[in-house]
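Thanks for making the time this morning.

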Amino acid sequence: MPVDDHRSAGLHGAETDATYDRAGFGAAVPRGSRPALVVVDLTRGFTEPGFASGSDLTREVTAAAVLATTARQHDVPVIYTAISYTPAEADGDSIAWLRKAPGMRALREGSEEVALDPRLEQHACDHLVLKKGASAFHGTGLATLLTSLGTDTLLVCGATTSGCVRATAVDAVQCGFNTLIVREACGDRAQGPHDAALFDLQAKYADVIGLYDALAYLDRLPGRNTAAPLASAAG
């Protein structure tokens, strides 16, 4: 499990930072008044080290649970995603991604790997988007759902940082949503890919923010009060 020490800025040295600054990367993302939370693939197959595709994402799941609880308290939609393949898809050759990443064939519908991590709560008001690839937008109704909800900003977290989180964030921007990545609630199998993904997302596509910053953003939404959740997170 990666240990995030907040060093995604400057990760590749001063020369790289200067190159990116000269190119005009890294501007701040606007934060709208109609956010939604997208929790990407925090299913057992990714969050538990006992599965071949998984790792110990206890800290990340805990942070995502705090985010989801706070979001619900302020009527901010919570959307979970999961990769799920039918037997024909898992055993056949119709999904190109599975030729490159055959380990994902274990993510079969109804399996333990596809189940939401039990440390997260899925409420009746929450949405679940099932997908076949890395991005939560590709081949799903997520963009339509978010538009129907009047969403202008996405808080994105989940697993893995370098895979499905990154792909979802890039597509979110391309679909017109301001995008915020919650650092402590994103996890990966290894530190290097995790750090590189956060660096690239911060430079080109999203703001990478801390958990407390995300909770404070929710607290500032018009007509909402998160004093209790913020105090709990701070403590």
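This is a predicted model: local features need pLDDT of at least 70, side-chain atom pairs count only at pLDDT 80 or more; totals for chains, interfaces and linings use all residues.

Let me begin at the pairing of L180, whose bridge partner in strand β6 is D207. Strands β5 and β6 (residues 207–209) run parallel to each other and are joined by 3 bridges, where two strands count as paired if DSSP finds at least two bridges between them. Between these two strands the chain passes through helix α8 (residues 191–204), and this β-α-β crossover is right-handed, meaning that, with the strands pointing away from the viewer, the path from the first strand over the helix to the second runs clockwise.

Residues are numbered from 1 along each chain as its sequence is written, and side-chain values use heavy atoms, with hydrogens and water left out. Helices (H or I, at least four residues) and strands (E, at least two) are DSSP runs numbered from the N terminus, and the chain has 10 helices and 6 strands.

β5 also pairs with strand β4 (residues 153–159), again parallel, through 6 bridges, and within that pairing V156 has I181 as its bridge partner. How many residues of β5 are buried? Of the 10 residues in β5 (residues 178–187), 8 are buried, where buried means under 20% relative accessible area with a 1.4 Å probe, protein chains only; over the 235 residues of the chain, 49% count as buried.

Turning to helix α3, its 16 residues (58–73) should span 22 Å at 1.5 Å a residue, and the end C-alpha atoms are 23 Å apart, which agrees; the expected span is 1.5 Å times one less than the number of residues. Among its buried residues are V61, A64 and A68, and just after the helix D75 takes a positive phi of about 60 degrees.

Helix α3 packs against helix α9 (residues 211–219) at an angle of about 5 degrees, with the axes 10 Å apart, the axes being lines fitted to C-alpha atoms over the stretch in contact, with angles from 0 to 180 degrees between N-to-C directions. That makes the two helices α3 and α9 roughly parallel, a term for angles under 35 degrees. In contact, that is with heavy atoms within 4.5 Å, are A63, V66, L67, T70 and A71 of α3 with L211, A214, L215 and L218 of α9.

How values were computed
Buried means under 20% relative accessible area, exposed over 50%, partly exposed in between (1.4 Å probe, protein chains only). Angles under 35 degrees count as roughly parallel, over 145 as roughly antiparallel, 65 to 115 as roughly perpendicular and the rest as oblique.
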